[in-house]
Structures are given as structure tokens and as C-alpha cells.
Amino acid sequence: MDIELYFSIAGSVLNKTDGKPVEYATVVIENSEQWAIADENGKFVINGIQGGKHTISISCLAFVTDTKEITLNR
């Protein structure tokens, strides 16, 4: 019997130039309908993510969109 694992990711969106939080940035798990909006401190949480490789896209007005590859496993 295979058990499907689900994960959560949490983090902070920070400006690469000065290290300050980026308020209300959009964080999207590409190829899924999962996303979050960072709070006023740049913090976000996305729950219920299936294990495996994913691409995360982070965007906000006046900033260049950034993408990161992650792997979620045990």
C-alpha cells in the first residue's frame, strides 16, 4: 500500500538588494493551483503540496519574477 505524502512550505520573500521583506508578493507552485500571498512581513505558507519536484515562482509589482526548483520528500 502506497501512502501519499503532502508537505507544507513556508518562507519569507526578501528583496535581493537590501534584504527587506517584500510585502504582498505572490508565491505560486507552477503547474498546480496552489499559491499564497506574502504578508506585510514577506512571510508565506502553502499547505498540502504533493511530494516531488516543483517550480516555485515569486512575483510582485516593481520586481523581477524569480523562480526556484525544489524537491519535497521524506
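L61 lies in the loop between β5 and β6, in a model that is predicted. An open sheet of 4 strands, in the order β3-β2-β5-β6, is formed with antiparallel pairing.

**The chain as a whole**

- Read from the N terminus, the elements follow one another as β-β-β-β-β-β.
- The C-alpha trace spans about 50 × 20 × 20 Å along its principal axes.
- Of the 74 residues, 27% count as buried.
- The chain exposes about 5,500 Å², and carbon and sulfur atoms supply 51% of this area.
- When contacts between residues at least 6 apart in sequence are taken, 47% of them join residues at least 24 apart.

- Strands of a sheet pair through backbone hydrogen bonds, in either a parallel or an antiparallel sense.
- In this open sheet of 4 strands, the order is β3-β2-β5-β6 and the pairing is antiparallel.
- Its edge strands are β3, covering residues 35-37, and β6, covering residues 66-72; each of them pairs on one side only.
- On average, neighbouring strands of the sheet are turned by 20° against each other, with direction ignored.
- Strand β5, residues 52-59, pairs with β6 in the antiparallel sense over 7 bridges.
- Within this pairing, S57 has T67 in β6 as its bridge partner.

- L61 and A25 are separated by 36 residues in sequence, while their C-alpha atoms are 8.0 Å apart in space.

**The loop between β1 and β2**

- This loop, between β1 (6-12) and β2 (26-29), contains Y24. N15 is also found in the loop between β1 and β2.
- N15 is buried, because its relative accessible area of 18% is under the 20% cut-off.
- Which residues does N15 touch, if those up to four places away in sequence are not counted? The residues touched by N15 are K20, V22 and F63.
- Y24 counts as partly exposed, because its relative accessibility is 47%, a value between the cut-offs of 20% and 50%.

**Backbone angles in the loops**

- Most residues other than glycine have a negative phi.
- Y24 is not a glycine, yet has a positive phi of about 60°.
- N31, a residue other than glycine, also has a positive phi, with a value near 65°.
- Where does N31 lie? N31 is placed in the loop between β2 and β3.
- N31 is exposed, because its relative accessible area is 84%, over the 50% cut-off.

Terms used:
Residues numbered from 1 in each chain as written. Predicted model: local features only at pLDDT ≥ 70, side-chain atom pairs only at ≥ 80, totals over all residues. Heavy atoms only, no water. Pairing = 2+ DSSP bridges. Helix = DSSP H or I, 4+ residues; strand = E, 2+ residues; numbered from the N terminus. Axes fitted to C-alpha atoms, helices over the stretch in contact; angles between N-to-C directions. Buried < 20%, exposed > 50% of the residue type's maximum accessible area, 1.4 Å probe, protein only. Contact = heavy atoms within 4.5 Å. Areas by Shrake-Rupley, 256 points an atom, 1.4 Å probe, with all protein chains shown as cover.
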